[in-house]
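Please keep the sequence and the structure in view while reading.

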Amino acid sequence: MELNRRTVIAGAAAAGIAASALGTGTAEAASGGKKPVKELFGTLADGTKVYRWSLANGGTRLKVLSYGGIIQSLELPDRHGKYANVSLGYDNLAAYVAGTTFFGATIGRYGNRIAKGQFTLDGKAYQLSVNDGVNSLHGGAKGFNTKVWDIEPFTKGSDVGLYLHYTSVDGEMGYPGTLKTKVTFTLTRHGDWRIDYEATTDKPTVVNLTNHTYYNLAGEGSGTIEDHELTIAAGRYTPTDTGLIPTGELATVSGTPFDFRKGKAVGRDIRAGHPQQVQAKGFDHNWVLDKGVTAKPEHIATLRDPRSGRTLKIATDQPGLQFYSGNFLDGTLVGTSGRTYRQGDGLCLETQHFPDSPNEPAWPTTVLRPGQTYRTTTIHSFGN
């Protein structure tokens, strides 16, 4: 019988096992994590200091950078209680500044792609920063992943976490309106990692916030994720053109490599030769979640590594999930472990509205207006 991580931690607490057995100690499991710890991570060229915040709770350890709201490390125990960092990233600030992979970043104003960096809102045309061929990707050349966020730690009952704040001024990267953004990272007493996004604006605008963590549940730098088993509760996906912009079709996954409804190894059909896969060099598509937009987060995906036993379950209120299989990792990037990342060494599961939604009026809207508050929640639950 395979025990889940909460059972392992609860058993350790009951038996009084030493802190080294699970790496976090029984006090953390029983009564909540300690106040987050702040340390200097690096300094930008303009002299701005970048800090790293470390927090732990319920057996989960998280390290967050003020630069980009980046998840620099996510440590989880395997079925034997051995910890590993399961998120891809770097051990130095310069690599994040120079990087183009968005490792662990908080993404905004708009996650994913907008065709030609253009959209029209209330009859007015807007031109955004273009940084992915002719298209705008993840908010443009200087998106939220490049900004230094104000961070405030908190403890609330048995939960611990961080409030991240950033104000994007009117016209930044071409977007209208001053957008005040708050992102809350919470580690619960069960070890769940919850993300709550909030935003307000003083002019009509579009917003689509997400997180761009690359997962390898066997441990970053350990090799391929193609043996990871993935389940996605989606019967349709959005095919793309050669620029990875959705064509507007909501295509069925039935009979295609895009069918993950019953769960399968990521690599089972990744070389099936489907035209969409050939074009994207693997999976880099938005799945149309069966549940649609919901009032509260619902479970939509499960990722499991058979080797370590680690699992990730994702719940969200969003209508889409972008699954990216690390197609453009080319062996030139050296991660936190000192090992290089090659194609398929990590994958992303980004909860979001559909790519290019501002140009598809029939799709769930990403428009935010003055007096409204953008709110969305995604919950990551871990087990072993």
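Two strands pair if DSSP finds at least two bridges between them; helices (H or I, at least four residues) and strands (E, at least two) are DSSP runs, numbered from the N terminus. The model is predicted, so that local features need pLDDT of at least 70 and side-chain atom pairs count only at pLDDT 80 or more, while totals for chains, interfaces and linings use all residues. Residues are numbered from 1 along each chain as its sequence is written, and side-chain values use heavy atoms, with hydrogens and water left out.

Strand S11 (residues 150-156) runs antiparallel to S12, and 7 bridges join the two. Phe154 has Gly161 in S12 as its bridge partner. The two strands, S11 and S12, form a hairpin with 2 residues between them, and Gly157 in the turn has a positive phi of about 65 degrees.

S12 also pairs with strand S13 (residues 179-187), in the antiparallel sense and over 9 bridges. Here Ser168 has Leu179 in S13 as its bridge partner. Strand S12 itself (residues 159-168) is mostly covered, as 7 of its 10 residues are buried (under 20% relative accessible area; exposed is over 50%, partly exposed in between, with a 1.4 Å probe and protein chains only).

Thr377 is buried, with a relative accessible area of 9%. Not counting residues up to four places away in sequence, Thr377 touches Arg194, Ile195, Asp196, Pro297, Ala315, Thr316 and Asp317, where contact means heavy atoms within 4.5 Å.
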